[in-house]
Amino acid sequence: MTRFNTQLVHGLPVNDNTTGAVNPPIYNSSTYAFESVESMPRWDYARSGNPTRDFLERQIAQLEHGTRGFAFASGLAAIHAVLSIFKPGDRIVVGSNVYGGTYSQFNEHFTRWGLVSQPVDTNDYEALEAAISGVGVAGDEDGASEPAKAVYFETLTNPLLQVNDVAAIARIAHKYGAIVIVDNTFVTPYLQQPLDLGADIVLHSATKYLAGHSDVIAGLAVVRDDKLGERVYYAQNRLGGILPPAESDSVRRGIQTLGLRIERQQSNAVAIANWLLDNPLVATVHYPGVEGGRQPGDTEKGLKGFGGVLGFEVVKGIDPAEILDNLHLFRLAVSLGAVESLAELPCRMTHFELPREERLKVGITDELIRLSIGIEDVNDLIEDLDQAFAVAAKAAQPQLAETVQ
Ligand SMILES: *Cc1c(COP(=O)(O)O)cnc(C)c1O
């Protein structure tokens, strides 16, 4: 068996044509001919299966150490398909700090179909166990109901970069027979393979690190066993949110350079986090990859690194919008994980769907800025931040402007 970095480049061998092409072809065919009415061809109709998509699905299953992968038209389509394997009345314990679109899919869409979602701080193992076991679930007179059917969380949360310990959470969940679903978007199999740590299903917005160039919307799911595979395949084929062939190929190509990109994004992120920690206009830095930016225990939770996204809060008196509006190299945009650096204000841009009260409760303040660090020269990125901070300091009270002199 080849090693991970080789697998990124080559995937699994395919010999499905005689041209010698080193890349798998993009099959733009919605339908496939039968040899006879009696035949059962491997490919018949491209919603059910397409060789270009199949290559990507086997590629991600290999990298995540799962039995089967599935490619969807977006990360949210992948999440939708996975959550639709449950039935009305099923209770799912959800990390209290998940992606905004996921939060709204749980709370606005799936609640209408009878799924019960229960938010919990996944770093509070007592609260987590109580929630999964069903002891003390509100509305239940004798204080106990059925255990949850699943627990859903993100390894690194967005935008505060809290680290969830997959192995510890899976251990608790499996005591009660709950399925463990991990959104591994911020981490990628390069930094952690959740199935090895006890997860049952891994999800990706492949739009982010896996594709890596801000040029495609895609989602992936990988399962640990065939039984779950059957259920997710049914949802993929019958709900129909599949990834088209050209987009499947974009994600396949992106994955080839994943290791190189993450290494650079990560070393840039470490340098920028340290620069922010030394900046008197910065109140807090959220990045577990550096000493001043992590919580106790973060480095013992099974991650090989912490990727290229970081958050920070400016001190009171500095307007975060003033910084963001004056960046030139960083683009002011949502999304993350691509070759170019992006900056955004979560309270206005990515997390506006969360009611303000709930947003503040989970720590997403009005002063919080999120950066997604790209592969540029880190000195250019720091110079860009430096000049934007100077503009913001000038616009603030005079005494703050003096602090930066
Ligand atoms: C972006 C994102 C999603 C949604 O993926 P889309 O490809 O935009 O549909 C889900 N989870 C996380 C953690 C994300 O960052």
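Two remarks on the basis. This is a predicted model, in which local features need pLDDT of at least 70 and side-chain atom pairs count only at pLDDT 80 or more, while totals for chains, interfaces and linings use all residues. Residues are numbered from 1 along each chain as its sequence is written, and side-chain values use heavy atoms, with hydrogens and water left out.

I start with the ligand. It is surrounded by 13 residues, and the closest are Leu76, Asp183, Ser205, Thr207 and Lys208. A residue is taken as near a molecule if one of its heavy atoms lies within 4 Å of it. By class, the shell is made of 5 nonpolar, 5 polar and 3 charged residues. For these classes, Ala, Val, Leu, Ile, Met, Phe, Trp, Tyr, Cys and Pro count as nonpolar, Asp, Glu, Lys and Arg as charged, and the others, Gly among them, as polar. Helix α3, residues 75–83, gives the largest share of the shell, with 3 residues. Helices here are DSSP runs of H or I with at least four residues, strands are runs of E with at least two, and both are numbered from the N terminus.

For Ser205, a side-chain N or O atom is 2.8 Å from an oxygen atom of the ligand. For Lys208, the distance from a side-chain N or O atom to a ligand oxygen is 2.7 Å. On its own the ligand has 380 Å² of accessible area, and the protein covers 93% of that. These areas come from the Shrake-Rupley method with a 1.4 Å probe, and for residues only the protein chains shown count as cover. A polar contact means a pair of N or O atoms within 3.5 Å; within protein, one must be able to donate a hydrogen and the other to accept it, and residues adjacent in sequence count only if both atoms are side-chain atoms.

A contact within the protein comes next. Asp298 sits in the loop between β8 (282–286) and β9 (309–314). A polar atom of the Asp298 side chain lies 2.9 Å from the backbone nitrogen of Gln295. Is Asp298 buried or exposed? Asp298 is buried, because its relative accessible area is 4%, where buried means under 20%, exposed over 50%, and partly exposed in between, with a 1.4 Å probe and protein chains only.

Now the aromatic rings. The whole structure has 4 aromatic pairs. One of them joins Trp275 and Phe389: the ring centres are 5.7 Å apart and the planes are at 70°, so this pair is edge-to-face. Trp275 is in helix α10 (258–277) and Phe389 in helix α13 (378–395), so the pair ties together parts that are 114 residues apart in sequence. Rings of Phe, Tyr and Trp, the last by its six-membered ring, pair if their centres lie within 6.5 Å; planes under 30 degrees apart are stacked, over 60 edge-to-face, and the rest tilted. Phe389 is buried, at 2% relative accessibility. Ring pairs also link Trp275, Phe312 and Phe389 into a cluster.

A charge over a ring is a separate case. Arg42 lies over the face of Trp43, 3.8 Å from the ring centre. The criterion is NZ of Lys or CZ of Arg within 6 Å of the ring centre and within 35 degrees of the ring normal.

Next, the backbone. Asn158 and Pro159 are joined by a cis peptide bond, with omega about 5°. Pro159 is in the loop between β4 (150–154) and α6 (166–175). Leu161 is found in the loop between β4 and α6. Leu161 has a positive phi, near 55°, in a residue other than glycine, and at 3% relative accessibility counts as buried. His65, not a glycine either, has a positive phi of about 60°. His65 lies in the loop between α2 and β1 (68–72) and is partly exposed, with a relative accessible area of 40%.

Last, two loop residues. Ala33, between α1 (4–10) and α2 (51–63), is exposed at 75% relative accessible area. Ala199, between α7 (188–191) and β6 (201–205), is buried at 0%.
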